[in-house]
Amino acid sequence: MRADELQPTVLVVDFGAQYAQLIARRVREAHVRSEIVPRDITADRIRELRPIGLILSGGPASVYADDAYRMDPAILDLGIPILGICYGHQLLADMAGGQVANTGDAEYGSTDLSVVGDSVLLRDLPTEQTVWMSHNDQVIEPPDGFVSVATSPGATVAAMENREQALYGVQFHPEVAHTPRGAEILKHFLYEVCQAGPSWTSHSIIETQVEQIREQVGDGHVICGLSGGVDSSVAAAIVHEAIGDQLTCIFVDHGLLRAGEAEQVEETFKSHFEVDLIHVKAADRFLEALEGVTDPESKRKIIGETFIRVFEEAAASVGDAGYLVQGTLYPDVIESGSGSAATIKTHHNVGGLPEDMSFELVEPLRDLFKDEVRAIGEELGLPEEIVWRQPFPGPGLAVRIIGDITLERLETLRAADSIILEEIRRAGLYREIWQTFGVLPAVKTVGVQGDGRTYAYPLIVRAVTSEDAMTADWARLPYEVLERVSSRIINEVPGINRVAYDISSKPPATIEWE
């Protein structure tokens, strides 16, 4: 049985907003399951999914533009509670017969909101409060049956409600931190309008996944692709909870790991898990497959396919294993172009898998964001060093070396990366930062050391803060930390004569360079 058949779910209809994923996260933080669906979803499909509510996200367009995003009009007749946010608010008004116009009163940033009527969404909140706006158009006349319950200097109808049909709209963004009471507004919609209960918890997720895994696998044997990171570790722990000794974990050392990582993974899992662990040393095989490859997508696909081939061979030594566990997360699925989403980059465990793969996938985390995975890891009693380990990409250092992958470049990057992590831990910043790592471009620059000219690699330091990797901001590391990192790398790592710091956010950049 699917998780969405066991848990009451709110669907977030994505109209191209930069905050669609944030809306989904905020719903889950209220302990209600959410799922992002494309804007072209039909009423029939929604009826099949049986959600308890819909949230229409914001978007970049005007509802009157020729290329404006619309939705199936029959959705309004389903009798499902709907909350429109920003563009979703305007779209709801337009489709229900109201009027939307560009009055010239655009609002961007923090805005004063005045509650002007009895409201479900704004109940028990201050009549004057601050919200975050981002709009040119506005609703100037709510549809029949709707009542305006809030205004702002640039929005005559900053919030509207039709209680009889359970249709609601807000021009502002309750999902962002800049709307201080936004979480309460969303909870009012979830708990009072949708009649949701706080049932989406770590315990309930584990129970649901254990049941699903047992139903899917039966008495079959399962292989887990273990990397030692939090995702694959939690996935392995959930599967082991479900089927016990039917699980065999395979750790593939592809030669693209950080310094000392292979030894750490083996030691950790032998100490904390009572599962079979096979350590496959396949560095030469991966390096041979990657020789001369510089295109990022090609690297990811080669690594994904080679992983599967190694698993298939390892499976032969443990019996008839027909299932493969992977730590695929919800952001991996979204970024790999699932549904109507654009492909940002192919994650090796989503779009990089070969079509002729002989395993059936078991993905207990496919529906989850990273913070939910960490919470589940703690619930399962995994050690802190696993639960709070910074994310590390499946393709490893291959997507942190820009250009051809060589053994020399791998060893250089490994040494530099080790220094970066050591200094971040020393400064007490490891838990505060989402990811910290080095990037080695396959170019050389002129430098001077001692009295001589050098011609060596630059090293880029990348450190970002994030909640789920869908968006990220560059970390404002203290200058003294950056100075120590730079000084140590240049003095201790042969082949590097320059250190730079990446101060780009996501978007427009991605976290990893490839």
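The predicted model contains an open sheet of nine strands with mixed pairing, arranged in the order E2-E1-E3-E4-E11-E10-E9-E6-E7, where helices (H or I, at least four residues) and strands (E, at least two) are DSSP runs numbered from the N terminus, and where two strands pair if DSSP finds at least two bridges between them. Its edges are formed by strand E2 (33–38) and strand E7 (128–135), each of which pairs on one side only. Neighbouring strands of this sheet are turned against each other by 30° on average, direction ignored; axes are lines fitted to C-alpha atoms, for helices over the stretch in contact, and angles run from 0 to 180 degrees between N-to-C directions. Residues are numbered from 1 along each chain as its sequence is written, and side-chain values use heavy atoms, with hydrogens and water left out. As this is a predicted model, local features need pLDDT of at least 70 and side-chain atom pairs count only at pLDDT 80 or more, whereas totals for chains, interfaces and linings use all residues.

Strands of a sheet pair through backbone hydrogen bonds, either parallel or antiparallel. Strand E1 (residues 9–14) pairs with E2 in the parallel sense over six bridges, and Leu-11 stands opposite Glu-35 in E2. Helix H5 (residues 182–193) packs on the sheet, where it touches E1, E3, E4, E7 and E11, and its direction makes about 165° with that of E4; contact here means heavy atoms within 4.5 Å. Helix H4 (residues 87–95) lies across strand E3 (53–56), strand E4 (82–85), E7, strand E10 (155–162) and strand E11 (167–170), and runs at about 120° to E4.

With a salt bridge defined as a side-chain nitrogen of Lys or Arg within 4 Å of a carboxyl oxygen of Asp or Glu, the count comes to 31 salt bridges. One of these joins the side chains of Glu-261 and Arg-389, with an N to O distance of 1.6 Å. This pair links distant parts of the chain, 128 residues apart, with Glu-261 in helix H8 (residues 261–272) and Arg-389 in the loop between helix H13 (384–387) and strand E17 (401–402). Both Glu-261 and Arg-389 are buried, a class that covers relative accessible areas under 20%, with exposed meaning over 50% and partly exposed in between (1.4 Å probe, protein chains only).

A salt bridge of 2.7 Å, N to O, is also found between the side chains of Glu-313 and Arg-285. Because Glu-313 lies in helix H10 (residues 296–315) and Arg-285 in helix H9 (residues 283–290), the pair ties together parts that are 28 residues apart in sequence. Glu-313 counts as partly exposed at 48% relative accessibility, and Arg-285 counts as partly exposed at 33%.

Within helix H14 (residues 407–426), Glu-411 and Arg-414 are three residues apart and therefore separated by about one helical turn, and their side chains meet in a salt bridge of 3.1 Å, N to O. Glu-411 is partly exposed, with a relative accessible area of 43%, whereas Arg-414 counts as buried at 13% relative accessibility. A network of salt bridges links Glu-422, Glu-423, Arg-426, Arg-484, Arg-488 and Glu-492.

The second largest pocket has a volume of about 420 Å³. Of the 22 residues that line this pocket, the closest to its centre are Arg-258, Gln-264, Arg-389, Arg-425 and Tyr-430. The elements that give two or more residues to its lining are H8, H13 and H14, and H14 gives the most, with six residues. A pocket is here an open set of points on a 1 Å grid over the protein atoms alone, where a 1.4 Å probe fits, with protein on both sides within 12 Å along at least five of seven lines, and lining residues have an atom within 4 Å of a point. Grid points are joined across faces, edges and corners, and the volume is the space filled by probe spheres set on the points.
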